[in-house]
Amino acid sequence: KPNKNHYGDDCDGVCISPEELNPKILINPHRTDQTQLNAAIHEFTHAFFWEKPEGDVSKFADAMSRFLYNEHKWRKPEK
């Protein structure tokens, strides 16, 4: 999960630059399933399209997560 001391309490996810030696995607596990889904899509979009503006990434992630969560009833698997 993202370090709250570095990213703050309201951080849902982080994508470490794909140019780094050991890039990572971190998702806050204390968010709702829908927010975690959105954050995962958002951060993976950054990883593959690093140069895209934040607004474009957010628009795509919001649309995709709403489609998967609301239309296709995606839910995080139970442990």
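**Figure 1. Crossing of helices α2 and α3 in a predicted model.** The axes of α2 and α3 approach within 8 Å and cross at roughly 140 degrees. Axes here are lines fitted to C-alpha atoms, for helices over the stretch in contact, and angles run from 0 to 180 degrees between N-to-C directions. Helices (H or I, at least four residues) and strands (E, at least two) are DSSP runs, numbered from the N terminus. The two helices, α2 and α3, are therefore oblique to each other; angles under 35 degrees count as roughly parallel, over 145 as roughly antiparallel, 65 to 115 as roughly perpendicular, and the rest as oblique. The crossing of α2 and α3 is right-handed, a term used if the near helix is turned clockwise from the far one by less than a right angle, with left-handed for anticlockwise. This is a predicted model in which local features need pLDDT of at least 70 and side-chain atom pairs count only at pLDDT 80 or more, while totals for chains, interfaces and linings use all residues. Residues are numbered from 1 along each chain as its sequence is written, and side-chain values use heavy atoms, with hydrogens and water left out.

**Figure 2. Residues at the α2–α3 contact.** Contact means heavy atoms within 4.5 Å. On the α2 side, the residues that meet α3 include Leu37, Asn38, Ile41, His42, Thr45 and His46. Their partners in α3 include Glu54, Val57, Phe60, Ala61, Met64 and Leu68. Glu54, in helix α3, is in contact with His42 and His46 when its neighbours within four places in sequence are left aside. With a relative accessible area of 45%, Glu54 is partly exposed; buried means under 20% relative accessible area, exposed over 50%, and partly exposed in between (1.4 Å probe, protein chains only). From Glu54 to Met64, ten residues apart in sequence, the C-alpha to C-alpha distance is 15 Å.

Figure 3. Helix α2 takes in residues 33-48, 16 residues in total, and reaches 23 Å from its first C-alpha to its last. That span is close to the 22 Å expected at 1.5 Å a residue, where the expected span is 1.5 Å times one less than the number of residues. Among the buried residues of α2 are Gln36, Leu37, Ala39, Ile41, Glu43 and Thr45. The elements covering the buried residues include β1 (13-15), β2 (25-27) and α3 (54-71). Phe44, also in helix α2, is partly exposed at a relative accessible area of 46%. The C-alpha atoms of Phe44 and Val57 are 9.5 Å apart, with 13 residues of separation along the chain.

**Figure 4. Cysteines Cys11 and Cys15.** The structure holds zero disulfides. Cys11 is in no disulfide, and the nearest cysteine sulfur, in Cys15, is 11 Å away. For Cys15, the closest cysteine sulfur, in Cys11, is too far for a bond; a disulfide is a pair of cysteine sulfur atoms within 2.5 Å. Cys11 is buried at 14% relative accessibility, and Cys15 is buried with a relative accessible area of 12%.

Figure 5. Gly55 is found in helix α3 and is partly exposed at 47% relative accessibility. Its C-alpha atom is separated by 22 Å from that of Pro23, 32 residues away along the chain. Lys73 lies in the segment after α3 and is exposed, at 57% relative accessibility. Although not a glycine, Lys73 has a positive phi of about 55 degrees. Most residues other than glycine have a negative phi.
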